[in-house]
Amino acid sequence: MKVTLSALDTYETSFTPLVVIELAQDVKEETKEWLKNRIIAKKKDGGAQLLFRPLLNKHEKETLGSDNLYLVGASRVRLLLGAEALGLVKESVDGTMRTFTYSTRGSFRGFHDDNDDFLTMTECQFIVKHELENLRARDEKMIPGYPQAKLYPGKSLLRRLLTSGIVVQVFPLHDREALKKLEDSWYTRFSLHCQPIDRIRGYFGETVALYFGFLEYFTFALIPMAVIGLPYYLFVWEDYDKYVVFASFNLLWSTVILEVWKRSCADMTYRWGTLLMKRQFEEPRPGFHGVLGVNPVTGREEPLYPSYKRQLRIYLVSLPFVCLCLCLSLHIMMIYFDLEDWALRVHEESSTEWTGVLLYVPSVIYAIVIEIMNRLYRYAAEFLTAWENHRLESAYQNHLVLKVLVFNFLNCFASLFYIAFVLKDMKLLGQSLATLLITSQIINQIAESLLPYWLQKKHSVKVKRKVQALKVDIDATFYEQVVLEKEMSTYLGTFDDYLELFLQFGYVSLFSCVYPLAAAFAVLNNFTEVNSDALKMCRVFKRPFSEPSASIGVWQLAFETMSVIAVVTNCALIGMSPQVNAVFPDSKTELVLIVVVVEHVLLALKFILAFAIPDKPRHIQMKLARLEFESLEALKQQVKDNLSVTTRLDASWSRMILIIHKLDLPKE
């Protein structure tokens, strides 16, 4: 029997704070009271049925002059029922991974009535976030106290409060003790060891853990390319015959590492339970808006928005904007080549050490401009994708990734393709590739980790001094933690991290036969990237809400697409080499045909390899098949039980009719 929230008491007088809500300083009391009532109200009354209290009591508020921070938690029963509603998968006592249900909670490993650690803090925060985001307007026409903040049925309350400036931010709290243990095993002791991926998952969730798992895997996968590329660069720079072997190895390497990653990813996500989570009935994203209606599939109330309106926005606004940005990127690229020509003329007129350095200046400036353009375009792409009003978070992410990848690919690689296939200057190609790769890595390390860490360190010192100066009877340690964390930068997800790896993969795979050192620089960068990314996750950013993930999502397809483009690029570069052209001095058509044939053969081999290597290991396939079989057997048994009950009812009904007929027979 399905257990409902209304059937259980989920109220507790004290609770563990999981999430912090920061309100604006001048929020009206009636608004605070309304928000509190909506959060603690029962689900059947349109509430979230969570626990809610201010950070400071009345006396502390008067002393500190601050009353805009509130703590949100949930009772143990509420969290367990939330885990069932979200379809979280946990390990059962027989070792298999199964969807958690409250009624069968005793059959799951690690569950005891007095055990509060069955759900990790990360999972609890994810449940609370989900309930807050799904608070939707019912009969309210406006937010109490703010007539200008209009509401309509189905509108996400949290989203409206954020856009109105009433709620400043919502963020999960760090667990300082668990964070210290994670840091000790992760990055504080510099050594060449594997990352504690399971611990990262337990603290930050599957999405962050998968990124760090992929970063580690990709870094070690680059080592063979770096080892092979180093002697090619140092000793046989002009030997294109051997570059053919190097390029062919690169093409096979790029296919194999992506297929093996899928197997490793499946193994991890099965162990974590996210491989089995059902996503076909994904909840609408918080930013989705429309007229409140009933979903014809699930029967639940949710906003409805016509798909034709979304398509019009995509094709009439978003697509032209992206095309305009691409044209602007190409125009800036041509300005860069004009600067290159100017620097070359200056060097030819007066060849000195300074003019030799000047040759690299246009490439450095262009690399900086590329990074600035990428970041500006990212903001515009996020705004447009949100404006398109996608119902599901997965659809939103797919459209955002597509917009950003198309622009970044053209912005970062267009100049290299132009040098390779229009100017046909291999020396300039190698120089430009090295400059773009190294400059982008330095900028990313400074902008993403070092500068934010330095700023956060300065702010932490100020907050600690302020708290130590307080002469009030409060839990200063916890108060300091909340105040420190609310001022931290917000982690915007793994998008930029994956994008950096994607561009790095492009630099390594597209032009490997011209600049074999690219893989070596990528390896050096990634070894420091692991530690700098770990530092910023633990010390620079607020703790992010976890999101269950079964894979790296659309990024897998992006990397695979890049590997296909790499086949075409490397084959074309080899076909343009002087040694290969010398074999066909008179017939360029024959050379082109041979290059095309070789390219198709390599692509066929690539797809055969991808097909031959299963996406999931054999033992995972067997476990999934067994779970499917057990589900079918359980369904059959349920149908049999229902038929048996129906048959017994029919038989009882027939006997009752016969008895009635006998009682109604006339007496002789």
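The UniProt annotation "transmembrane region", taken from an unreviewed entry, covers residues 208–237, 243–261, 314–337, 357–377, 400–421, 552–576 and 591–613. The model examined here is predicted. In the annotated span 552–576, the end C-alpha atoms lie 36 Å apart, and the span is 92% helix and 0% strand. For residues 591–613, the corresponding separation of the end C-alpha atoms is 33 Å, with 96% helix and 0% strand.

Two helix pairs were described in detail. Two packed helices are described by the angle between their axes and the distance between the axes. For helix H12 (residues 361–387) and helix H13 (residues 393–423), the axes come within 10 Å and cross at roughly 160 degrees. Because angles over 145 degrees count as roughly antiparallel, H12 is roughly antiparallel to H13. The crossing in which H12 passes H13 is right-handed. On the H12 side, the contact is made by Tyr366, Ile370, Met373, Asn374, Tyr377, Arg378, Ala381, Glu382, Leu384, Thr385 and Ala386. H13 contributes Tyr396, His399, Leu400, Lys403, Val404, Phe407, Asn408, Asn411, Cys412 and Ser415. By residue class, the contact of H12 with H13 comprises twelve nonpolar, six polar and three charged residues.

The second pair consists of helix H16 (residues 495–510) and helix H17 (residues 518–540), which pack at an angle of about 170 degrees with their axes 10 Å apart. This angle makes H16 roughly antiparallel to H17. Asp497, Glu500, Leu501, Gln504, Tyr507 and Val508 of H16 take part in the contact. Their counterparts on H17 are Ala518, Ala519, Ala522, Asn525, Asn526, Glu529, Asp533 and Lys536. The residues in the contact of H16 with H17 divide into six nonpolar, three polar and five charged.

An open sheet is formed by four strands in the order S2-S3-S1-S8, with antiparallel pairing. Strand S2 (51–54) and strand S8 (167–172) are at the edges; each has a single partner strand, so one side of each lacks a neighbour in the sheet. On average, neighbouring strands of this sheet are turned by 20 degrees against each other, direction ignored. S2 is joined to strand S3 (residues 69–73) by four bridges, and the two strands run antiparallel. Within this pairing, Leu51 stands opposite Gly73 in S3. Helix H4 (residues 121–133) lies across strand S1 (19–23), S3 and S8, and H4 runs at about 40 degrees to S1.

Strand S6 (residues 142–143) and strand S7 (residues 146–150) also run antiparallel and are joined by two bridges. Ile143 has Tyr146 in S7 as its bridge partner. S6 and S7 form a hairpin with two residues between them. Gly145, in the turn of this hairpin, has a positive phi of about 90 degrees.

A further local feature concerns Val93, located in the loop between strand S4 (89–91) and strand S5 (97–99). The C-alpha atoms of Val93 and Gly106 are 8.9 Å apart in space, while the two residues are 13 residues apart in sequence. With neighbours within four places in sequence left aside, Val93 is in contact with Ser107, Phe108 and Arg109.

Definitions and conventions. Residues numbered from 1 in each chain as written. Predicted model: local features only at pLDDT ≥ 70, side-chain atom pairs only at ≥ 80, totals over all residues. Heavy atoms only, no water. UniProt positions renumbered as here; feature names shortened; annotations may be inferred. Pairing = 2+ DSSP bridges. Axes fitted to C-alpha atoms, helices over the stretch in contact; angles between N-to-C directions. Parallel < 35°, antiparallel > 145°, perpendicular 65-115°, else oblique. Left-handed = near helix turned anticlockwise from the far one by under 90°. Contact = heavy atoms within 4.5 Å. Nonpolar A, V, L, I, M, F, W, Y, C, P; charged D, E, K, R; others polar.
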